[in-house]
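Colleague: I would like to go through this model with you. Tell me what each label rests on.

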Amino acid sequence: MMILVGQLVSPFVRRVAATMSHYGLPFDRHALSVFDDRDEVARLNPLAKVPALIIDDGEALVESAAIIDYLDQLAGPAKSLTPVDGVARWKVLRHAAIAMGISERAVQLRIEMFHRPEYLQSAEFIDGYKTSIRNSLDVLERDAVGIWMSASGPTQADFSVTAALTHLTNRVDDFSDLQAWPKLSAIREQGENLDVFRNNPFIEG
Ligand SMILES: N[C@@H](CCC(=O)N[C@@H](CS)C(=O)NCC(=O)O)C(=O)O
């Protein structure tokens with residue numbers, strides 16, 4: 001059975017877990033922490049990041065987008081959350097990349113604010129990260145068609161928006177409510193109501 005490595009508090013891990021559940025692919029999860037189990041994570045992923053996915057031949061795949069590409073191929077085109085070609089494909093990939101980019105910025109922001117001594121913190125970096133997050137939310141809000149990011153939703157864009165925004169609202173005080181982005185707020189809520197997200201809740205562990 002495949003093993004997903006990482007905790008569900010990570011939006012990158014969580015979107016992979018939800019995608020595997022959606023495809024009905026059975027998996028075990030090894031809830032390693034990048035802080036407490038760094039050496040073990042580094043043995044699986046030289047970048048010492050999660051997620052990693054140990055596939056049936058023992059190889060560890062890394063980087064959530066690459067892992068999802070692998071899962072999409074296992075699921076096949078009819079089930080894939082990422083359209084196989086055309087405009088629909090690049091739109092989903094673009095929105096998913098922006099959503100996960102928000103998570104990358106949120107992680108950088110938290111490292112700057114909570115993992116560096118105060119005298120080393122850069123107000124310029126902190127402002128820059130917040131601005132990137134705000135601008136990215138604006139772009140996604142502008143592009144969302146309504147109840148999902150696209151008319152054919154939910155797609156991988158919606159899974160990524162759901163995972164990213166639950167992480168953001170819980171972890172970054174400045175974005176604890178999404179009132180300025182009502183369509184995104186609704187997408188997040190709908191996403192969290194899907195069984196695949198309910199069964200892979202945002203938890204440390
Ligand atoms: N682009 C990567 C991002 C993965 C990532 O940054 N994961 C975080 C956990 S939320 C991590 O492992 N951070 C540890 C570190 O940066 O040292 C992906 O999509 O898989």
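Modeller: This is a predicted model. The protein chain splits into domain 1 (2-80) and domain 2 (86-197). Their C-alpha centres lie 20 Å apart.

Colleague: How do you know that residues of domain 1 are in contact with residues of domain 2?

Modeller: Two residues are in contact if their C-beta atoms lie within 7 Å. By that test, 10 residues of domain 1 are in contact with 10 residues of domain 2. On the domain 1 side, helix 1 (11-23) and helix 3 each supply at least two residues. Helix 1 has the largest share, eight residues.

Colleague: What makes up that side of domain 1, by class?

Modeller: Four nonpolar, four polar and two charged residues.

Colleague: Which residues does Leu184 touch, leaving aside its neighbours within four places in sequence?

Modeller: Leu184 is in contact with Leu137, Leu140, Glu141, Ala144, Val161, Leu165 and Leu178. Val161 is itself among the core residues with the most contacts.

Colleague: What makes a residue of helix 7 count as buried?

Modeller: The cut-off is 20 or more other C-beta atoms within 10 Å of its own. In helix 7 (residues 182-192), Leu184, Ile187, Arg188 and Gly191 are buried.

Colleague: Why do you say that these buried residues line one face of helix 7?

Modeller: Look down the axis of helix 7. The buried residues fall within an arc of 100°, so they line one face of the helix.

Colleague: What covers the buried residues of helix 7?

Modeller: The cover includes helix 5 (123-143), helix 6 (156-171) and helix 8 (195-198).

Colleague: Now the ligand. Which residues are around the ligand?

Modeller: They are Ser10, Phe12, Val34, Ala48, Lys49, Val50, Pro51, Glu63, Ser64, Ala65, Met100 and Val107. Helix 3 (64-75) and helix 4 (86-114) are the elements that give two or more residues to this shell.

Colleague: How many residues of each class does the shell around the ligand have?

Modeller: Eight are nonpolar, two polar and two charged. Lys and Glu count as charged, and the shell includes Lys49 and Glu63. Ser counts as polar, and the shell includes Ser10 and Ser64.

Technical notes
Residues numbered from 1 in each chain as written. Predicted model: local features only at pLDDT ≥ 70, side-chain atom pairs only at ≥ 80, totals over all residues. Near = placed C-beta within 6 Å. Helix = DSSP H or I, 4+ residues; strand = E, 2+ residues; numbered from the N terminus. Domains from an automatic or database assignment. Buried ≥ 20, exposed ≤ 12 C-beta atoms within 10 Å, placed from the backbone. Arc of directions from axis to C-beta. Core = buried A, V, L, I, M, F, W, Y, C linked by C-beta atoms within 7 Å.
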